[in-house]
Amino acid sequence: MEELLKILNEVKPGVDYETDLIGHGVLDSITMVTLVLQLSDEFDVDISPVDITPENFKTVQTIYDMIQRLEDE
């Protein structure tokens with residue numbers, strides 16, 4: 001989880017990551033592309049277009065859960 005927060009802070013610093021990231025506009029399309037690329041590289045997972053949904057990127061926890069699921073596949 002700490003590595004995920006580090007990546008999020010690199011991609012978009014100064015944000016309250018305890019909030020709804022999609023609903024509050026924290027993750028826009030450009031940020032999402034950057035985030036997906038960094039998460040894929042860091043965690044060695046394949047985040048497909050099917051995985052890029054508001055449900056998977058709503059909170060830090062949902063992003064973490066997605067990464068865990070993809071690592072198990």
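L5 is placed in helix 1 of this predicted model. With a relative accessible area of 31%, L5 is partly exposed, because values between 20% and 50% fall in that class. Apart from residues up to four places away in sequence, L5 touches Y17 and V60. Two C-alpha separations place L5 in relation to other parts of the chain. L37, 32 residues away in sequence, lies 15 Å from L5. D20 belongs to the loop between helix 1 and helix 2 and is partly exposed, at 23% relative accessibility.

The packing of helix 1 against helix 3 is described next. Helix 1 covers residues 2–11 and helix 3 covers residues 60–72. Their axes come within 10 Å of each other and cross at roughly 120 degrees. This angle makes helix 1 oblique to helix 3, since the range counted as roughly perpendicular ends at 115 degrees and the roughly antiparallel class begins over 145. The crossing of helix 1 past helix 3 is right-handed. On the side of helix 1, the contact is formed by L4, L5 and L8, and on the side of helix 3 by V60, I63, Y64 and I67. Sorted by class, this contact of helix 1 with helix 3 comprises 7 nonpolar residues, with no polar and no charged ones.

Helix 1 also packs against helix 2. The angle between these two helices is about 145 degrees, and their axes are 10 Å apart. Their crossing is right-handed. Helix 1 contributes E3, L4, I7, L8, E10 and V11 to the contact, while helix 2 contributes T31, T34, L35, Q38, L39, E42 and F43. By class, the contact of helix 1 with helix 2 has 7 nonpolar, 3 polar and 3 charged residues. One of the residues in this contact is E42, which lies in helix 2. At 43% relative accessibility, E42 is partly exposed. Leaving aside neighbours within four places in sequence, E42 is in contact with E3 and I7.

The remaining helix pair is helix 2 with helix 3. The axes of these helices come within 11 Å and cross at roughly 45 degrees. Helix 2 and helix 3 are therefore oblique to each other. Helix 2 passes helix 3 in a right-handed crossing. The residues in contact are L35, L39 and F43 from helix 2, together with I63, I67 and E71 from helix 3. The classes represented in the contact of helix 2 with helix 3 are 5 nonpolar and 1 charged, with no polar residues.

In soluble globular proteins, nonpolar side chains tend to be buried together. In the present model, the largest nonpolar core has 21 residues. Those with the most contacts inside this core are L4, L27, L35, L39, F57 and I63. Helix 1, helix 2 (29–43) and helix 3 are the elements that each give two or more residues to the core. For L35, the contacts beyond four places in sequence are with I7, L8, V11, L27, F57 and I63.

L39, another of the core residues with the most contacts, lies in helix 2. Its relative accessible area is 0%, so L39 is buried. Not counting residues up to four places away in sequence, L39 touches L4, I7, D44, V45, I47, F57, I63 and I67. The C-alpha atoms of L39 and I67 are separated by 8.1 Å, although the two residues are 28 apart along the chain.

Among the residues touched by L39 is D44, which is situated in the loop between helix 2 and helix 3. At 71% relative accessibility, D44 is exposed, because the cut-off for that class is 50%. Most residues other than glycine have a negative phi. D44 is not a glycine, yet its phi is positive, at about 50 degrees.

Notes:
Residues are numbered from 1 along each chain as its sequence is written. This is a predicted model: local features need pLDDT of at least 70, side-chain atom pairs count only at pLDDT 80 or more; totals for chains, interfaces and linings use all residues. Side-chain values use heavy atoms; hydrogens and water are left out. Axes are lines fitted to C-alpha atoms, for helices over the stretch in contact, and angles run from 0 to 180 degrees between N-to-C directions. Helices (H or I, at least four residues) and strands (E, at least two) are DSSP runs, numbered from the N terminus. Angles under 35 degrees count as roughly parallel, over 145 as roughly antiparallel, 65 to 115 as roughly perpendicular and the rest as oblique. A crossing is left-handed if the near helix is turned anticlockwise from the far one by less than a right angle, and right-handed if clockwise. Contact means heavy atoms within 4.5 Å. Ala, Val, Leu, Ile, Met, Phe, Trp, Tyr, Cys and Pro count as nonpolar, Asp, Glu, Lys and Arg as charged, and the others, Gly among them, as polar. A nonpolar core is a set of buried Ala, Val, Leu, Ile, Met, Phe, Trp, Tyr and Cys residues joined through side-chain atoms within 4.5 Å. Buried means under 20% relative accessible area, exposed over 50%, partly exposed in between (1.4 Å probe, protein chains only).
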